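Subject: Structure handover

Hello,

Here is the model I said I would pass on. My notes on what turned up in it follow below.

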Amino acid sequence: MMTAQWLYGLTGCLIVALGLRGALLHDSLLQRIVAINVMGAGVFLLLIAVAYRGPGLAPDPLPHALVLTGIVVAVSATALALALVRRLHAERDDD
Amino acid sequence: MNWDTWLLVLVVASSLLPGLVIFFLREDSHRLRTLLNLAGAIFKLVLVGILIWGVFHEHVYETRWTLAPGLDLVLHADTLSVLFVTLSTVLWLVTTVYAIGYLENAAHRSRFFGFFSLCVSATVGLALAGNLFTFVIFFELLTLVTYPLVAHRGTPEAVRGARIYLTYTLGGGMLLLIGTVWLYVLAGPTAFVEGGVLSSLPAEYHPQLKMIFVLLIIGLGVKAALVPLHGWLPHAMVAPAPVSALLHAVAVVKAGAFGIVRVVYDVYGVNFTDQLGLLTGLGIAAAITIVYGSVMALFQDNLKKRLAYSTVSQVSYIALGTAILGPIGTIGGIVHLVHQGIMKITLFFAAGNYAETLGIHKVSEMNGVGRRMPATTLAFSIAALGMIGVPPVAGFVSKWYLGLGALEAGMAAWVMPVLIISSVLNAAYFLPVLYRAWFRDPGPAWPAEHIPAARLETSAALLWPPVVTAILALAAGLFASAPYSPLEWATLIAEREYGL
Amino acid sequence: MTDAMIWLVALPLAGALATLLLPRSATAAAIGTGLATTIAAGLLLFGVATQGAQQYEIGGWTAGLGIALRADGLSALLLMMTALVVLAASVYASAYFKRPFERARFWPLWLLLWTSLNALLLSGDLFNLYVTLELLGLSAVALASLGGKHAAVEAALRYLYVGLLGSMMFLAGVSLIYAGYGTLDLATLARVVEPGPVAWSALAMMTAGLLLKTALFPLHFWLPPAHASAPAPVSAVLSALVVKAAFYLVLRLWLDVFANVVTPVAANLLGLLGAGAVLWGSWRALQAERLKLLAAYSTVAQLGYLFLFFPLLLALPPGPARDLAAGGLVMLALTHGFAKAGLFLAIGIIQQRCGHDTIRELGGTAQRLPVTIFAIALAGVALIGLPPSGAFLGKWQLLAGAVATGQWWWLVVTAIGSLLAAAYIFRVLGHAFGHQPYPNQPVTVARDEWPALLLAAMAALVLGLAGASVWELLEIGT
């Protein structure tokens, strides 16, 4: 349905905005990483909305491929970020 | 191998390559270093000899290399470049010998002679530049390679003097670059052509051309020590005497003056510059500098500082000659480029001798030095008399032509007083020095007698250069009308500039 | 020659795997990969110069669904610069990292970084660009954190955060483009993009994300700590190449894909930020106490110059004048890449031999490490923009463009920036000389001094003298 596509799309934009706000305003690095992940989720939602081609038609596979790739990238990036945060805390504990 | 294209590259390379090799030598490899230096200098002299002959016979030597679309690096030999190249080459050879003697047992000689050679390469490249773009490139390179020479001693004063030098010259260089870019946008690549290339531009460009001229002259005037841009020069005196000699007589200050000559004659054209009303302004700036420099020289007790202010004053004769419309004034300015170089270098050599041999740095310490070091003091005297304008030393010839040119151009009203006042001032700060040296009794002991009196009053390498250059100064005056003399060559340049 | 494009991505990737699986021969494998990849870059440059722009479709699938690799004059030049800089830094790194476990961690990440750089420069569609941009960011962060100390890890974490933020914004922009135009292929988009709210917001999102990654003032705050705390070869590549990759993307988007969407106002905004970068970065570099911090702030300033070109490029009508200015931009970018890499490698040598990189305590370094100081001097000449460096030619075009379009203020900024650069470079050189005499031995070049020297010489001499070919190459494809 047309309105579902717009709903998904607008929600996606909203989540992106929320994520952006969180990324810019939070102090703790961990919270910022979570906020960026939220941003990512919003973008993915936007892409899924874009993939809709019409009632009864198969959705466009390209944005789905983009979303899958994006999720993988986001997971890897989050893993690296968490590893660095752990290292940082370990260093602080050593001091 | 096309000789016409490669000769100019070789002239530059003959000091560049030995210089690069010298950087890598051990500190104590005197012989190899001296060999490289002298071999390069003599080779360059031979090449320049060929160049003189060729240009006299209207042969064209040009090397062109495209750096970017529309921007060519051009080396081109015309009469003016040959004049400056010859001066640089001859004086480099003499200064190299002097420096070898002066820096005996000093530290960092490989670094010194390396940059020394690069300095000459940059000067020669600048002399042979065929357009304003190339000139600016070598002009900036000259700044870069003279900085380590000024800072050579490494003492806090030397580093500070070098920093002041750099501030002035890089600032001036930036203004020169902006003026050049602006001119390029208006008029395309400005090749140096006798008579100038800009007179054909439409009149609505004239206000911009005037501003460009001011920018260019300020940029060049920093190196040429035009007042009030001369502030770096006295501070740069911390450099060893061979560096001061080179900087004042040959390289830096002359490069600025040479640039002014090029801009007025070969970019704008002297008639066009006059049309724009800029010639008078240049003349006034030159006149102020001439008088100011001479006045300041009166108050300096430090010999090198006195000579520094004397340079500030004397180099502006060249700018004054440029500002006098007419071939005779032109000749006076251009020939003074050579004459001042020879005379000033003699004075600096002598000053260096006094410092190295007897520890004398101040005029007040010079009593009776004529008896202890007669040859050096005789050379000093000849050069000093030339600076004052006493015939038959070369300086007289330049001043004569400047005065005559001013009369012809109808500018005698203010130029003649300037010439007379400055000659009087020159006498006022040189004659007392000569009097002290010859006619006063020496004090109980010299400040620090490093080199005792032997068969020669000082080491040979320190003695011969000032003697040679003093003889050259005398010869340039006595034989001024001989073919290939600086005066004859300057006349040739003026003829080609005015289309006579 | 089209195969060279695939080799440029496959070789460093294979090398990364090899160094991971064979830690004992990691260095040899890495250098071998480096040489091979550099040869591939050379072949590609030659191919582009002789046969024009190249295209390679991976797996034979056409653009639209498949991934296309494209190389024109600009990307071939940047690929060559990348190859030479990474190769030189690799040679340096082989001597820099002393302990085996350091090397085991370093080489795979290093070669992965190279893979992502090459893939980014060769990408022909927006999504591939996103993926390679992320890969680049992740490997750069991991390398930056190899410094080990608290400051390095903290700087790396901030770098990661900024990088991710930038990538997310970029991805948002990409999604908007796909929503609006249904394709992600750069060449197709260049034909169909029209000015409108979709194009504007997409371009804004993508540019904002990229400006974060290219550290344009005032989004530069993450760069100095990250580049200053990283190991020397990593700093070299971060400053010289990684931030350039993001800039390359801004250039492609603004000049190629969205060429009819960008407005002079937007270009002037970029120029204004660039001016801020030049002045602020140079000022901070002048005040820096440490060499690495100086070099990092110098990067901020030099990137600012690149952005000063944007208002000029938009004000000049398409034609020879605009091509000249664009060539000047690329020349400046190339020269900076070589010069900054050479500078960081030289600083690394000083850090290792003298134990510190504090500028005030550099006295006598010129006598102990003459070649290194000479390399710094050469790099400095290129950073200031003095002849005969390539940067001189680039700045000439910047000044000429400013005069020609009547936008005088950029000229003033450039002049002040250059003089400030001269001030901070000569400040370093002034401190490096001291009273002690030179040791009585011939000047030799140590093995780890060669890379710094050659990179600096490339920037200060080779690019300046051989520069005309840069303009010729840029004609191809754009």
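C:Val237 touches C:Val85, C:Val86, C:Ala89, C:Leu113, C:Val242 and C:Ala341, leaving aside residues up to four places away in sequence. Two residues are in contact here if their C-beta atoms, placed from the backbone, lie within 7 Å.

This is a predicted model, in which local features need pLDDT of at least 70, side-chain atom pairs count only at pLDDT 80 or more, and totals for chains, interfaces and linings use all residues. Residues are numbered from 1 along each chain as its sequence is written, while chains are lettered from A and ligands numbered from 1 in the order in which they are written.

On confidence, the predictor gives the complex an ipTM of 0.91 and a pTM of 0.92. Chain C averages a pLDDT (the predictor's confidence in each residue, from 0 to 100) of 90, and 98% of its residues score at least 70.

Core

C:Val237 is also one of the residues with the most contacts inside the largest nonpolar core, together with C:Val85, C:Ala144 and C:Val237's other partner in that list, C:Ala379. This core has 437 residues. A nonpolar core is a set of buried Ala, Val, Leu, Ile, Met, Phe, Trp, Tyr and Cys residues joined through C-beta atoms within 7 Å; buried means that 20 or more other C-beta atoms lie within 10 Å of a residue's own, with C-beta atoms placed from the backbone. The largest share of the core, 20 residues, comes from H6(C).

Chain contacts

Of the 2 pairs of chains in contact, chains B and C share the most contacts. There, 30 residues of chain B meet 30 residues of chain C. On the chain B side, strand E1 (62–68), helix H5 (132–150) and helix H6 (156–187) give two or more residues each, and H6(B) gives the most, with 11 residues. Helices (H or I, at least four residues) and strands (E, at least two) are DSSP runs, numbered from the N terminus.

The contact between chains C and A takes 22 residues from chain C and 26 residues from chain A. Helix H5 (126–144) and helix H6 (150–181) of chain C each supply at least two residues of the chain C side, where H6(C) gives the most, with 15 residues.

Chain A and chain B do not touch, and their nearest C-alpha atoms are 42 Å apart.

Regards

Conventions. A residue is buried if 20 or more other C-beta atoms lie within 10 Å of its own, exposed if 12 or fewer, and partly exposed in between; C-beta atoms are placed from the backbone.
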